[in-house]
Amino acid sequence: MNNFPKFTAKHTSLLAKHLNKTVFEQLKDKKTTLGFSLQQAIQSGLDNPDSGIGVYAGDLESYSTFAALFDPIIKSYHHFDRSLSKHTSNLNADDFNYNNPDTNNEYILSTRIRVGRNLANYPLGTAISKTQRDEVEQLIVNTLNNLKGELKGHYYPLYDMADETRERLIKDHFLFKNGDRFLESAGLNRDWPTGRGIFHNQSKTFLVWINEEDQLRIISMQKGGDIKATFQRLSLAIAQLEQQLTFMYDERLGYISSCPTNLGTAMRASVHIALPNLAKNKAQFEAITNKYHLQIRGVNGEHSSSENGIFDISNKRRLGINEVQCVSDLHQGVAALIRAESSF
Ligand code: ADP
Ligand code: CIR
C-alpha cells in the first residue's frame, strides 16, 4: 500500500481517527506471517465511510504487527490498555447477582447473549482459504452433533436452505443477514454461502452461527428478561464445546475476534426492550446508556434502525472486564432504563 488514504469528513470511524501519516508510514509495508496486509486490515473502513471502527484482523499476529493502529482503537473502544493489564475470564453464572429488572414483564421482549470464538491454528475469516473454512465448518459441526439434552440440535448449511426458511430465520432474529457490506469489504464473505450455516436446538434457545464474522457465534436466547437463565445456558454450552475445540486466545486480548470490538470476552449480552418514551428523549436515553457502558442498536441488529420504540440494548465493553461484568453492565443499565421509562 503506497499512498496515505484519502479520508473525507464522512469517514467518522476509529480508523479515520487513529490512522495518521506517521502510523501509516510505520505500517504500510508490513504483513503478518500469513501475508495479511495493512490494506486488507483497513479496506472495510475505506469502502464504508459510515463504519464505526473500520478495521479487521486476519490472524492473532495482526494485533501485534499493526499494534500502532489497533492498540489506540482497542483503547478507545474498550477503555482497556493491553500493555498495562491482562484480560481475565469468568463464565460462572452463579457469580451473577440477579434480580429481574422487569418483574411484571412490561418492557423486555427477549434476552440474547452471544460470544464470538475462532479456532486456534487457523487464520481468521478475513484471511482463511476455502479449504480451511470448510475444515473449520466440519470440525465445529462434528462437535455440535455430540451435544446432548437441551443443547441437542441440528446443523442447517446455508447453501442448502430454502430462501423462505432463510428469510424467516433472519426476520425472527435467529440468523445473520446475507451480503453485509462491512464484511464484504473485509473479505469475510468470500465463497458465500458455502462453509456457512446455523446449528440450533428445537426451541431455538441455543444457536451457533458458523463462519460469519467469526468462525463461531455461540448464542443463548429466550423470550422475556431472565438474563441469568440465558447466561447459564450459554456457559454450559461454551464449557461443552471447549472439551473438543481449542479457541484462539491471548492472555492480554482474551478471545481473538476478527473485529477488535469483540476481543476479550467477545460477549454481547442484549435485550430487546420497549422504550417509547425514552425514544422521544434521546439526550436522557443516551445519558443512561453512556453511564452504564451500553450500546443502542436497532431492532434488526447492527446498523439497523429502531421500530415502534423497540431497541436492542447491549454491553459495549467486552475486553478487560469478565463475562459476569458484561452481563452486569447490561443488567444495571436496563434497570436504570426501566426506572426512567416508567417515570414519564
Ligand atoms: P451480533 O449480536 O452477533 O453482534 P447483530 O447485531 O447483527 O449481531 O444481531 C444479530 C441478530 O440478533 C439480529 O437479528 C438481532 O435483531 C438479534 N438480536 C440481538 N439481540 C436480541 C435480543 N435481545 N432478542 C432477540 N433478538 C436479538
Ligand atoms: C464498523 O466499523 O462499523 C463495522 N466494521 C462493525 C464494527 C463492530 N461494531 C460494534 O460497534 N461492535
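How far does a polar side-chain atom of Arg318 lie from a nitrogen atom of ligand 2? In this predicted model, where local features need pLDDT of at least 70, side-chain atom pairs count only at pLDDT 80 or more, and totals for chains, interfaces and linings use all residues, the distance between the polar side-chain atom of Arg318 and the nitrogen atom of ligand 2 is 3.5 Å. Residues are numbered from 1 along each chain as its sequence is written, chains are lettered from A and ligands numbered from 1 in the order in which they are written, and side-chain values use heavy atoms, with hydrogens and water left out.

**The two ligand sites**

The contacts of both ligands are set out together below; a polar contact is a pair of N or O atoms within 3.5 Å, and within protein one atom must be able to donate a hydrogen and the other to accept it, while residues adjacent in sequence count only if both atoms are side-chain atoms.

| Residue and its atom | Ligand atom | Distance |
|---|---|---|
| His173, side-chain N or O | ligand 1, oxygen | 2.8 Å |
| Arg268, polar side-chain atom | ligand 1, oxygen | 2.9 Å |
| Val299, polar backbone atom | ligand 1, oxygen | 2.9 Å |
| Gly54, polar backbone atom | ligand 2, oxygen | 3.0 Å |
| Tyr56, polar side-chain atom | ligand 2, nitrogen | 2.7 Å |
| Arg318, polar side-chain atom | ligand 2, nitrogen | 3.5 Å |

Taken alone, ligand 2 exposes 340 Å², of which the protein buries 93%; such accessible areas come from the Shrake-Rupley method with a 1.4 Å probe, and for residues only the protein chains shown count as cover. Around ligand 2 there are 14 residues, with Gly52, Ile53, Gly54, Tyr56 and Glu302 the closest, where a residue is near a molecule or strand if one of its heavy atoms lies within 4 Å of it. By class, this shell holds five nonpolar, six polar and three charged residues; Ala, Val, Leu, Ile, Met, Phe, Trp, Tyr, Cys and Pro count as nonpolar, Asp, Glu, Lys and Arg as charged, and the others, Gly among them, as polar.

The shell around ligand 1 has 18 residues, of which Ser110, Arg112, Arg114, Ser270 and Arg297 come nearest, and it divides into four nonpolar, seven polar and seven charged residues.

**Pocket and cavity**

The second largest pocket has a volume of about 200 Å³, and its lining comprises three nonpolar, six polar and three charged residues. On a 1 Å grid over the protein atoms alone, a pocket is an open set of points with protein on both sides within 12 Å along at least five of seven lines, whereas a cavity is a set where a 1.4 Å probe fits but cannot get out, and lining residues have an atom within 4 Å of a point. Grid points are joined across faces, edges and corners, and a volume is the space filled by probe spheres set on the points.

At least two lining residues of this pocket come from each of α5 (67-78), α11 (282-291) and β9 (294-297), helices (H or I, at least four residues) and strands (E, at least two) being DSSP runs numbered from the N terminus. Among the lining residues is His293, which lies in the loop between α11 and β9 and has a phi near 60°, a positive value in a residue other than glycine.

There is one cavity of 30 Å³ or more. The largest cavity has a volume of about 60 Å³, and its lining, which includes Arg133, Arg196 and Asp214, has one nonpolar, four polar and five charged residues.

**Overall fold**

The protein has 12 helices and 10 strands. Its radius of gyration is 20 Å, close to the 20 Å that the globule rule gives for 344 residues, so the protein is as compact as a globular protein of that length; the radius is taken over C-alpha atoms, and the rule is 2.2 Å times the number of residues to the power 0.38. Trp192 and Pro193 are joined by a cis peptide bond with omega of about 5°, and Pro193 sits in the loop between α8 (181-185) and β3 (197-201).
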